[in-house]
Amino acid sequence: MRRADARRQSPGAVGETRLYDSQSGDVMPDRPPYNRVTVMLAAGLLLSGIVALSQLLSREPVPLLTRIQQDGVLLVATREGPSTYHEGAQGPDGFEYALIAGFAKRLGVEVRFIFPPTLDDLLTTVTRGEVHMAGGGLTATPTRRQRLRFSSPYDLVTEQLIYRRGSQRPRALGDIAAGDLHVVGGSSHEETLSRLRRRGYPALSWVPRYDAGVADLLAALERGELRLTVVDSSEASLSRRIYKHAAVALELGEPQPIAWAFPPHQDASLRVAADAYLMDIEENGRLQRLRARYFGHSDRLNYGATREF
């Protein structure tokens with residue numbers, strides 16, 4: 001086997017180093033500097049990549065509102081019901097539908113609704129950022145504010161205990177028997193009942209219904225399948241035209257804010273635009289006209305303990 005001898009000084013040019021074969025003494029050709037070229041090329045590519053990445057990271061992110069307007073679609077989660085979204089004689093209708101459709105028109109985009117099967121699913125869909133926003137008569141409770149962002153309130157409602165006319169009317173929370181009260185599971189109504197139980201009504205109990213919405217429970221009450229439920233005053237105002245046996249037994253507390261919900265981790269551009277829109281329609285009277293159209297004029301926040309619907 002032939003091996004190259006160690007590098008040694010050639011009698012040629014001063015300082016020139018050559019490789020010699022250890023057996024024949026022949027000069028071996030110099031190896032091309034492949035390693036040096038490869039290293040230089042890799043370093044150049046790495047430097048170019050670093051520069052490109054730096055430029056990319058230094059760019060301002062495109063705001064959510066701009067992306068929505070570029071895509072042309074606003075994705076909204078909502079609930080089906082008389083006061084939110086339903087199919088009317090002329091197509092989709094409802095207070096929330098009209099409100100959100102007006103917002104989409106302001107943005108110059110199409111609105112696309114999705115309908116999670118339960119209220120809890122709706123809130124989870126928003127929390128995960130699977131939609132741009134949600135609107136469906138959502139109460140901005142302290143608990144929900146821990147997991148979601150909300151617009152400015154565009155309505156106030158009271159929570160009302162509803163009983164079936166013809167049955168014994170509860171005069172106080174202590175009159176509610178076990179199994180009589182059914183509410184939407186995971187709703188603001190259940191939050192309120194939990195708070196009341198902690199604050200002086202330890203025997204207060206209810207049946208959480210994750211399989212039903214407010215309209216389902218009112219329909220069941222109308223049919224005599226349950227005695228008590230809880231609804232917001234806005235839904236009570238609208239539903240009194242439909243459910244003839246439903247009546248208000250008492251109110252459960254102070255008015256609560258209704259607002260649109262937004263995912264917690266998206267930028268605020270869409271929410272800021274929503275607040276501006278809601279302020280504008282409040283000032284120009286459109287919001288009040290929508291309330292009057294869908295709920296009637298007036299005093300829907302002023303139901304006394306004896307008022308029926």
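**Figure 1. Strand β14, residue by residue.** Leu 228, Val 230 and Asp 232 point one way from β14, Thr 229 and Val 231 point the other way, and all are buried (under 20% relative accessible area, with exposed meaning over 50% and partly exposed in between; 1.4 Å probe, protein chains only). The strand, residues 228-232, is mostly covered, with five of its five residues buried. Strands (E, at least two residues) and helices (H or I, at least four) are DSSP runs, numbered from the N terminus. The model is predicted: local features need pLDDT of at least 70, side-chain atom pairs count only at pLDDT 80 or more, and totals for chains, interfaces and linings use all residues. Residues are numbered from 1 along each chain as its sequence is written, and side-chain values use heavy atoms, with hydrogens and water left out.

Figure 2. In β12 (residues 181-184), Leu 181 and Val 183 point one way. His 182 and Val 184 point the other way, and all are buried. Two strands pair if DSSP finds at least two bridges between them. β12 pairs with β14 in the parallel sense over two bridges. Here Leu 181 stands opposite Leu 228. β12 also pairs in the parallel sense with β13 (residues 207-209), over three bridges. The bridge partner of His 182 in β13 is Val 207.

**Figure 3. Strand β11 and its antiparallel partners.** Five bridges join β11 (residues 159-164) to β15, and the two run antiparallel. Gln 160 has Glu 251 of β15 as its bridge partner. β11 and β14 also run antiparallel, joined by five bridges. Leu 161 stands opposite Val 230 of β14. Strand β15, residues 246-251, is mostly covered: five of its six residues are buried.

Figure 4. Seven of the nine residues of α7 are buried, so the helix is largely enclosed by the rest of the structure. Among them are Val 214, Leu 217, Leu 218 and Glu 222. Just after α7, Gly 224 takes a positive phi of about 85°.

**Figure 5. The largest pocket.** About 420 Å³ of space lies in this pocket. Of its 28 lining residues, the closest to its centre are Arg 79, Glu 80, Gly 213, Val 214 and Asp 216. On a 1 Å grid over the protein atoms alone, a pocket is an open set of points where a 1.4 Å probe fits, with protein on both sides within 12 Å along at least five of seven lines; lining residues have an atom within 4 Å of a point. Points are joined across faces, edges and corners, and the volume is the space filled by probe spheres set on them. α4 (119-127), α7 (214-222) and α8 (233-239) each supply at least two lining residues. α7 gives the most, with four. The lining has 13 nonpolar, eight polar and seven charged residues. Ala, Val, Leu, Ile, Met, Phe, Trp, Tyr, Cys and Pro count as nonpolar, Asp, Glu, Lys and Arg as charged, and the others, Gly among them, as polar.

**Figure 6. Thr 124 in helix α4.** Thr 124 lies in α4. The residue is partly exposed, with a relative accessible area of 22%. Its C-alpha atom is separated by 9.3 Å from that of Arg 147, 23 residues apart along the chain.
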